[in-house]
Amino acid sequence: MHYSVNIKERIHWLGVNDRRKNLFENIWPLPHGVSYNSYLITDERSALLDTVEMGSDGEYLERIEALLDGRSLDYLIVNHMEPDHSGEIDTIVRRWPDVKVIGNARTTKILASYYPSAVANIQEVCDGDELDLGYHKLRFVFTPWVHWPETMMTYDQTDRILFSADAFGTFGTLDGGVFDDETQFAFYEDEMRRYYSNIVGKYSGMVQKAFAKLAGYPIDMICSLHGPVWRSNTARVVELYDRWSKYEAEEGVVVIYASMYDNTARLADYIAHVVAAQGIANIRVHDVSKTHISYLINDIWKYKGVLLGSCAYNSEMFPLMESLCRELVHMGVKNRYLGLFGSYSWNGGGVRNLQKWAGEIGWEEIAPAVEVQGRPDAAKYTACEGLGVAMAERLKADRC
Ligand code: FEO
């Protein structure tokens, strides 16, 4: 039996769970796997919306054939060309040589570079164009850079469903349930923020533009290319995406330190303790050498306060801290409260370079940086106290 889920009248979910891959885009950890979602509309005219990663499902074609039940596939709508969704385009075109591949001018360019034999099938659409499948009336909404330049969304006017490409997608496989109300929302909320912050967040400005464009569209269901089909928490996930793409964050502090001999680590723990003593409950402390940058970025997207500490390393900051700092600039994260600290043995460099970076990223520094030499003692801990108090006070000032 070929598995699929009927998500609405004549619309079928054809996703696949990938539990083999360790790193998404060969960088972001997948401890809970990832799903690639594909959708099939079996209307008077049939349409497949995006495919799955190449080879991720040996029965993908058979599942489509089973639902089509002897009919041919009329349209393949390509909302997004990244290979985790376009991987089976060639397979589809080989099986149904007359299928029309729906995309835009940018889709065609990328398609030509990945699957040149499919270009002959392309039927380019313009922003706002419609496609009448019979019962379902589709409209194409261009949403460039959410996540690639060609990315678009498809809106089903009949059932008010948004096929949203990567937007609202999550890491994590679908372990049984496909709809959000069949799963644990808290798990997917965290994995949706991680997907957003790691993959889409750099283009937050374009996400806001997409929201402005979609403002007039009533949406009852969101079918993303990763994670659950949102039907019960639709408004909630739209609100979360809106907040994240405006760089709005929760009250809380993420403390990230780089330490060779635990001196900076001790300062990190002490400063976190001071912040907690001032009444801030949400605090996460991470060792940059142990926690993958994916989770560090996720917490930085979640919390308003960021405290970064580095030991000196050959007169520079610690390499993994430098890598995190570079990535934060690259992603363009905005509007955070920042505090800096660190230690050195025979020369500085960690804090000095963190300060240079602070000038680059432009976050609000809540207190002067603190740097101590060697092992912390009572006087050195006391020197760090002001940093924790200032961070807590700055966060509490936003409460009213
Ligand atoms: Fe899920 Fe941008 O690919």
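This is a short chat about a predicted model of one protein chain.

Reader: What does the secondary structure of the chain come to?
Author: The model is predicted. Its chain has 12 helices and 24 strands.

Reader: And what does the C-alpha trace span along its principal axes?
Author: About 80 × 45 × 40 Å.

Reader: How many of the residues are buried?
Author: There are 400 residues in the chain, and 56% of them are buried.

Reader: What share of the contacts joins residues 24 or more positions apart?
Author: Take the contacts with a separation of 6 or more. Of those, 73% join residues 24 or more positions apart.

Reader: OK, the inside. How many residues are in the largest nonpolar core?
Author: That core has 107 residues. Tyr241, Leu308, Met321 and Trp357 have the most contacts inside it.

Reader: Which helix gives the largest share?
Author: Helix H5, residues 185-200, with 6 residues of this core.

Reader: Where does this core lie relative to domain 1 and domain 2?
Author: It lies between them, because both give residues to it. Domain 1 covers 5-245 and domain 2 covers 253-397.

Reader: What other core lies apart from it?
Author: One of 24 residues. Ile366, Val370, Val372 and Cys384 are among them.

Reader: Back to Tyr241. What does it touch?
Author: Leave out residues up to four places away in sequence. Then Tyr241 touches Asp166, Ala167, Phe168, Gly169, Met192, Tyr196, Val200, Val207 and Phe211.

Reader: Which aromatic cluster is Tyr241 in?
Author: Tyr241 clusters with Phe168, Tyr196, Phe211, Trp244, Tyr247 and Trp301.

Reader: How many aromatic pairs does the count come to?
Author: The count comes to 20 aromatic pairs. One of them is Trp357 with Trp363.

Reader: How do Trp357 and Trp363 sit, edge-to-face or stacked?
Author: Edge-to-face. The ring centres are 5.5 Å apart, with 80° between the planes.

Reader: Are those two tryptophans, Trp357 and Trp363, buried or exposed?
Author: Both are buried.

Reader: Which residue lies over the face of Phe179?
Author: Arg231, at 3.7 Å from the ring centre.

Reader: And over the face of Tyr337?
Author: Lys304 lies there, at 5.0 Å from the ring centre.

Reader: New topic. How many disulfides does a search of the whole structure find?
Author: The search finds 0 disulfides. Cys325, for one, is in no disulfide.

Reader: Where is the nearest cysteine sulfur to Cys325?
Author: That sulfur belongs to Cys311, and it is 12 Å away.

Reader: Is Cys325 buried or exposed?
Author: Cys325 is buried, with a relative accessible area of 0%.

Reader: Now backbone angles. What is the phi of Glu25?
Author: About 55°, a positive phi, although Glu25 is not a glycine.

Reader: Where is Glu25?
Author: Glu25 is in the loop between strand S4 (23-24) and strand S5 (28-29). Its relative accessibility is 34%, so it counts as partly exposed.

Reader: What about the phi of Tyr247?
Author: Tyr247 is another residue other than glycine with a positive phi, near 60°. Its place is the loop between helix H7 (234-245) and strand S18 (250-258).

Reader: Buried or exposed, this Tyr247?
Author: Tyr247 is buried, with a relative accessible area of 10%. Tyr247 also belongs to the aromatic cluster that holds Tyr241.

Reader: Which helix holds Val238?
Author: Val238 lies in helix H7. Its relative accessible area is 25%, so it is partly exposed.

Reader: What is Val238 in contact with?
Author: Leave aside neighbours within four places in sequence. Val238 is then in contact with Phe168, Phe211 and Ile222.

Reader: How far is Val238 from Ala167?
Author: They are 71 residues apart in sequence. In space they are 9.6 Å apart, C-alpha to C-alpha.

Reader: Last one. Where is Gln355?
Author: Gln355 lies in helix H11, residues 350-361. Gln355 is partly exposed, with a relative accessible area of 39%.

Reader: And what is Gln355 in contact with?
Author: Leaving aside neighbours within four places in sequence, Gln355 is in contact with Leu340 and Ala369. Leu307 is 48 residues from Gln355 in sequence and 12 Å away in space, C-alpha to C-alpha.

Terms used
Residues are numbered from 1 along each chain as its sequence is written. This is a predicted model: local features need pLDDT of at least 70, side-chain atom pairs count only at pLDDT 80 or more; totals for chains, interfaces and linings use all residues. Side-chain values use heavy atoms; hydrogens and water are left out. A nonpolar core is a set of buried Ala, Val, Leu, Ile, Met, Phe, Trp, Tyr and Cys residues joined through side-chain atoms within 4.5 Å. Buried means under 20% relative accessible area, exposed over 50%, partly exposed in between (1.4 Å probe, protein chains only). Helices (H or I, at least four residues) and strands (E, at least two) are DSSP runs, numbered from the N terminus. Domain bounds come from an automatic or database domain assignment. Contact means heavy atoms within 4.5 Å. A disulfide is a pair of cysteine sulfur atoms within 2.5 Å. Rings of Phe, Tyr and Trp (its six-membered ring) pair if their centres lie within 6.5 Å; planes under 30 degrees apart count as stacked, over 60 as edge-to-face and the rest as tilted. A charge sits over a ring if NZ of Lys or CZ of Arg is within 6 Å of the ring centre and within 35 degrees of the ring normal.
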